[in-house]
Amino acid sequence: MSKFSNLINNSEVPVLVDFYADWCQPCHMITPTIKSIKSKLGERLTVVKINSDKNQQAMLKYQVRSIPTLILFHKGKILWRNSGVMPEHELMKVIERYT
């Protein structure tokens, strides 16, 4: 089992996965939002960034068709997903439901 699969299947806290690409401008726009939320939630949330150009298998498995795509996992189950940029307060509201 890959380190990624192990993390999303066995983490005690929700795991927010950010599918991004280096060339993607909206991906760069959402990065500070994700960092801010992680700093506010600390140990209540794990954040993983997946480079879509280097991880085609994960893109296919989770049917990620556009980036940025955020998927919130807990114990291997998808709790929530969203494609595109969203305001920090909206993303925080969603994540706090599960943390």
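Which residues of helix α1 (residues 3-10) are buried? Select the helix: the buried ones are F4, S5 and I8. Buried means under 20% relative accessible area, with exposed over 50% and partly exposed in between (1.4 Å probe, protein chains only). Helices (H or I, at least four residues) and strands (E, at least two) are DSSP runs, numbered from the N terminus.

The model is predicted: local features need pLDDT of at least 70, side-chain atom pairs count only at pLDDT 80 or more, and totals for chains, interfaces and linings use all residues. Residues are numbered from 1 along each chain as its sequence is written, and side-chain values use heavy atoms, with hydrogens and water left out.

**Helix α1**

Look down the axis of α1.

**The strands**

Next, select β3, residues 69-74. Of its 6 residues, 5 are buried, so the strand is largely enclosed by the rest of the structure. Strand β1 (residues 15-20) pairs with β3 in the antiparallel sense over 5 bridges; two strands pair if DSSP finds at least two bridges between them. To see one of these bridges, show D18 and its partner in β3, L70.

Strand β4 (residues 77-83) also pairs with β3 in the antiparallel sense, over 6 bridges. Here F73 has I78 as its bridge partner in β4. The hairpin of β3 and β4 has 2 residues between the strands, and K75 takes a positive phi near 55 degrees there.

**The cores**

Now show V17, F19, Y62 and I67, the residues with the most contacts inside the largest nonpolar core, which has 18 residues. A nonpolar core is a set of buried Ala, Val, Leu, Ile, Met, Phe, Trp, Tyr and Cys residues joined through side-chain atoms within 4.5 Å. At least two residues of this core come from each of α1, β1, β2, α3 (56-61) and β3. β1 gives the most, with 4 residues.

A second, separate core has 14 residues, including I34, L70, M86 and V94.

**The disulfide**

Finally, select C24 and C27, which form a disulfide with sulfur atoms 2.4 Å apart. A disulfide is a pair of cysteine sulfur atoms within 2.5 Å, and a search of the whole structure finds 1. The torsion about its S-S bond is about 80 degrees, so the disulfide is right-handed. C24 is buried at 4% relative accessibility, and C27 is buried with a relative accessible area of 2%.
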